[in-house]
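Morning, everyone. I have one model to show. Please take a look at it first.

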Amino acid sequence: MTTQTHPSVLTKTASVTLSTPVQATLYVSLCALTLWTVYFTTNPAIHDRVHSVRHHTLLVGCH
């Protein structure tokens, strides 16, 4: 009888989590979330700094 070794759940999870498509998806999601937060904030200091950028990027309105 031969013995087969099965990768542990932790090893499988690490291989999926560290794969390039997963990393790319997480990176794009983080960037999108950051831009969304900056673009649509109601904080006056941040709003004033990115006001013109908001109007020139994809015609995002703020008023």
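I will go from the overall fold to one helix, then to a ring pair.

First, the ground rules. This is a predicted model: local features need pLDDT of at least 70, side-chain atom pairs need 80 or more, and totals for chains, interfaces and linings use all residues. Residues are numbered from 1 along each chain as its sequence is written, and side-chain values use heavy atoms, with hydrogens and water left out.

The protein has three helices and zero strands. Helices are DSSP runs of H or I, at least four residues; strands are E runs, at least two; numbering starts at the N terminus. Of its 63 residues, 10% count as buried. Buried means under 20% relative accessible area, exposed over 50%, partly exposed in between, with a 1.4 Å probe and protein chains only.

Now H3, residues 44-56. A kink of about 55° is centred on Val50. That bend is the angle between axes fitted to the seven residues ending there and the seven starting there. Val50 is also buried, along with His47 and Arg54. Helix H2 (20-39) is among what covers the buried residues of H3, with contact meaning heavy atoms within 4.5 Å.

Last, the rings. How many aromatic pairs are there? One. Rings of Phe, Tyr and Trp (its six-membered ring) pair if their centres lie within 6.5 Å; planes under 30 degrees apart are stacked, over 60 edge-to-face, the rest tilted. Trp36 and Phe40 have ring centres 4.4 Å apart and planes at 50°, so the pair is tilted. Trp36 is exposed, at 56% relative accessibility. Phe40 is partly exposed, at 37%.

Methods: Expected span 1.5 Å × (residues − 1).
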